[in-house]
Amino acid sequence: MSNSMVARRYALALFQIAKEQQLLGVIEEELRVVREVFVFNTDLKAVLKSSKLTIDRKKEILKAAFSSVNPYVLNTLLILIDRHREDEIVEVANQFFELANEESGVAEAKVYSTRELTDAERDAISATFAAKVGKKSLRIENIVDSELLGGVKLRIGNRIYDGTLRGKLDRLERKLLG
């Protein structure tokens, strides 16, 4: 079974519990923190992968690091450690976000711009493009790209909407040469 399928199973189990207990928002926020820690703290990943530590010691480290998270999140992390799937923690979180977004009609979007977007601009982009992808709203991650000349570029899933000056110039060039 592929790793993403394994992560999906764990995420689905946690998602069902979160939904039953009406803790979807809380668990989603806590998983965002957990993912952040695992993505940016390479030392923790190295410690959890170490064959010198026992599983019980790894669990103690996780319990200490994430003592304030919801018990369901902590138990999921401990089960992953038990089953030697510490590499899957970030992917389980990503799969959970996908399920939560699907449930609430939200899509993740990366917006590349020359400067930080204002709240009004975020709302306008969300309203415009959410309808195009059949969602209620977008959760926007704004990435400031100094390479852009102007405009914005959106990535929603595997769709890209390019409204940058470079994109417009490239399309114009293709049209003139074609």
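For these legends, Ala, Val, Leu, Ile, Met, Phe, Trp, Tyr, Cys and Pro count as nonpolar, Asp, Glu, Lys and Arg as charged, and everything else, Gly included, as polar. Bear in mind that the model is predicted.

**View A. The largest pocket and what lines it.** Here we're looking into about 870 Å³ of space. The lining is made up of 24 residues, and those nearest the centre are Asn101, Ala107, Glu108, Ala109 and Gly157. Sort the lining by type and you get 13 charged residues, seven nonpolar and four polar.

**View B. Where the pocket lining comes from.** Two helices, H2 (24-40) and H6 (89-104), each put at least two residues into the lining of the largest pocket. Strands E1 (106-113), E2 (137-144) and E3 (152-156) each do likewise.

**View C. Helix H3 against helix H4.** H3 (residues 42-49) packs on H4 (residues 55-65) with the axes 9 Å apart and an angle of about 155° between them. That makes the two helices roughly antiparallel, since the cut-off for that label is over 145 degrees. On the H3 side, the contact uses Leu44, Val47, Leu48 and Lys49, while H4 brings Lys58, Ile61 and Leu62. By type, the residues of this contact split into five nonpolar and two charged, with no polar ones.

View D. Side chains of opposite charge can pair up when their charged atoms get close. In this close-up, Lys19 and Glu103 form a salt bridge, with 3.4 Å between the closest N and O atoms. Lys19 sits in H1 (residues 3-20) and Glu103 in H6, so the pair ties together parts 84 residues apart in sequence. The count for the model comes to eleven salt bridges.

Note on methods. Residues are numbered from 1 along each chain as its sequence is written. This is a predicted model: local features need pLDDT of at least 70, side-chain atom pairs count only at pLDDT 80 or more; totals for chains, interfaces and linings use all residues. Side-chain values use heavy atoms; hydrogens and water are left out. On a 1 Å grid over the protein atoms alone, a cavity is a set of points where a 1.4 Å probe fits but cannot get out, and a pocket is an open set with protein on both sides within 12 Å along at least five of seven lines; lining residues have an atom within 4 Å of a point. Grid points are joined across faces, edges and corners, and a volume is the space filled by probe spheres set on the points. Helices (H or I, at least four residues) and strands (E, at least two) are DSSP runs, numbered from the N terminus. Axes are lines fitted to C-alpha atoms, for helices over the stretch in contact, and angles run from 0 to 180 degrees between N-to-C directions. Angles under 35 degrees count as roughly parallel, over 145 as roughly antiparallel, 65 to 115 as roughly perpendicular and the rest as oblique. Contact means heavy atoms within 4.5 Å. A salt bridge is a side-chain nitrogen of Lys or Arg within 4 Å of a carboxyl oxygen of Asp or Glu.
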